[in-house]
Amino acid sequence: MTALRQTWQVALRYLRVIARQPAFLFIALVQPIIWLLLFGALFKAVAQIRGFHGSYVDYLTPGVVVMLAVSSAGWTGMGFIEDMDRGVMDRMLVTPAWRGAFNLGSVAQCVLSVVIQTLLIIGLAVLLGAHIANVPVLILVAVLMLRFARKVEVS
Amino acid sequence: MYCARTPFDSHNSIEASGLVKTYPGDVRALDGLDLEVEAGTVFGLLGPNGAGKSTTVRILTTLSSPDAGSARVAGHDVLAEPVRVRHAIGVVGQKHGVDFDATGRENLVVQGEFYGLTGAALRRRAAESLERFGLADAADRLVKTYSGGMQRRLDVAMGLLHRPQVLFLDEPTTGLDPEARAQMWAEIERLAREEGMTILLTTHYLEEADRLASQLAIVDRGRIVARGTPDALKSELHGDTIAVELANGDGPAAAAALERVPEAREVALEGRTLRARASNGGAAVPAVLAALEAHGVRAAAVTLSRPSLDDVYLRYAGRTWEEAA
């Protein structure tokens, strides 16, 4: 229970940083939308190649979601580096808090951000005319990708 | 509950023996350091940058493990029982450990949660803490809008939130303006006097150690080279320092002349300043000036001073403070 609370406190720390930097939040949301709109329009003709089934947005949306998950995971480590530079990491490590909380809290924040971004992307894609067969599966895949990318980054 | 006040009967709050730590590149940060800090005292660990003070603190606060040697803090072994040690200690590090993108209150709440404090009790304690450190008005402002002194006070408030038995202050006044430094000194004195907390203070400011610490150890090149009370260390030097600033003439010749004055010992020439030590400085000055006069050397200024910790450092580490720092 204490471990869970501590994990949440760590996640909350990072979420607060994001929430208090509107510019950062804006970029994080706008970037994938630009990918979807720009590349969606740019490569629309790809769908006309023989053997291509469905619309290009159908094809692009999962790609954007996966890219989002992988790049977000890559950036979570940046928070750690900043914490180490500023002495925040030492400050946390001298407390008796559960060690795993520092890692899991940072991952939890990332998962939460990516899920929200994914939902926005999917919503937009549906507006653009994409046929999404199985939304829960898509989100699950994104989360798994995220965990995988995070592992790669940590190791 | 987590508020750790475990009984421990040992006389010493901190005991370290034979600490060795080597960093990559064959840097021997600690070279067999021994340390004992009596419970309820302010202990000053004094030394220039790179002497091994911070490494010692990192080992005692469980952030780093020694290559050899052992240490106990608040009765617990730092290697075998790190969690117990962490409950008992408060640490104010050299760098700010505060989160700049959170408010002062949020920083304290997160810190409290890490010590297992929760709910209304934690909120109350955070509020008391803010009040005590003069941060009540700024409690809900982001820390990045705080002044340097306020950030440092929050730092200390966070280190004390769980009421530790042993407090580590790693260069607590580095980078503070004189006013903020004076406030910090007053707070450290108050903690030691009223709360009977054991405080290990590292500093490279001689005056800070002189004023705050009841016991001192001088660290140089990873070892303790001297220890005792500030007064005892100073009185070991026996006598006063006479410094003569030469107005003219040949420095080395003047030094040679001074060597022949029986009252003056340990004559040294630094640039245009001649230094000597004398048991009774006041009585020795006329003889010193007469000897210089006889060699046609005039003095631009003569100063007489009681031994300072700077002199103590010079004696034990074999170099002056400025050279080492």
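How many bridges pair strand β12 of chain B with β13(B), and in which sense? Strand β12 (residues 265–270) and β13(B) pair in the antiparallel sense over 4 bridges. Strands here are DSSP runs of E of at least two residues, helices are runs of H or I of at least four, and both are numbered from the N terminus. Two strands pair if DSSP finds at least two bridges between them. The model is predicted: local features need pLDDT of at least 70, side-chain atom pairs count only at pLDDT 80 or more, and totals for chains, interfaces and linings use all residues. Residues are numbered from 1 along each chain as its sequence is written, while chains are lettered from A and ligands numbered from 1 in the order in which they are written.

B:Val244 has B:Leu274 as its bridge partner in β13(B).

Chain B as a whole holds 12 helices and 14 strands. Its C-alpha atoms fill a box of roughly 80 × 45 × 40 Å along the principal axes. Of its 325 residues, 45% are buried. A residue is buried if 20 or more other C-beta atoms, placed from the backbone, lie within 10 Å of its own; exposed means 12 or fewer, and partly exposed lies in between. Two residues are in contact if their C-beta atoms, placed from the backbone, lie within 7 Å. Among contacts in chain B between residues at least 6 apart in sequence, 68% join residues at least 24 apart. The domain assignment, automatic or from a database, gives domain 1 (12–234) and domain 2 (238–306) of chain B. The centres of these domains, taken over C-alpha atoms, are separated by 42 Å.

One open sheet of chain B has 6 strands in the order β6-β7-β8-β3-β9-β10, with mixed pairing. At its edges stand β6 (89–92) and β10 (223–228) of chain B; each has a single partner strand, so one side of each is left without a neighbour in the sheet. Neighbouring strands are turned by 15° against each other on average, direction ignored. Axes are lines fitted to C-alpha atoms, for helices over the stretch in contact, and angles run from 0 to 180 degrees between N-to-C directions. β6(B) runs parallel to strand β7 (residues 166–170) of chain B, joined by 4 bridges. Here B:Ile89 stands opposite B:Val166.

Two helices that pack on this sheet are α1(B) and α5(B). Helix α1 (residues 53–60) of chain B touches β3 (42–46), β7, β8 (198–203) and β9 (215–220) of chain B. Its direction makes about 150° with that of β7(B). Helix α5 (residues 148–160) of chain B touches β6 and β7 of chain B, and its direction makes about 165° with that of β6(B).

A further open sheet of chain B has 4 strands in the order β2-β1-β4-β5, with antiparallel pairing. β2 (27–38) and β5 (76–77) of chain B are its edge strands; each has a single partner, so one side of each is left without a neighbour in the sheet. Strand β4 (residues 68–73) of chain B is joined to β5(B) by 2 bridges. B:Arg72 stands opposite B:Asp77 in that pairing. α1(B) packs on this sheet too, touching β1 (12–23), β2 and β4 of chain B. The direction of α1(B) makes about 115° with that of β1(B).

The contact between the chains takes 19 residues from chain A and 21 residues from chain B. On the side of chain A that touches chain B, α1 (2–19) and α4 (88–93) of chain A are the elements that give two or more residues. α1(A) gives the most, with 7 residues.

In chain A, helix α3 (residues 56–86) has 31 residues. The expected span, 1.5 Å times one less than the number of residues, is 45 Å; the end C-alpha atoms are 45 Å apart, which agrees. Buried residues of α3(A) include A:Tyr56, A:Leu60 and A:Val64. Just after α3(A), A:Gly87 takes a positive phi of about 90°.
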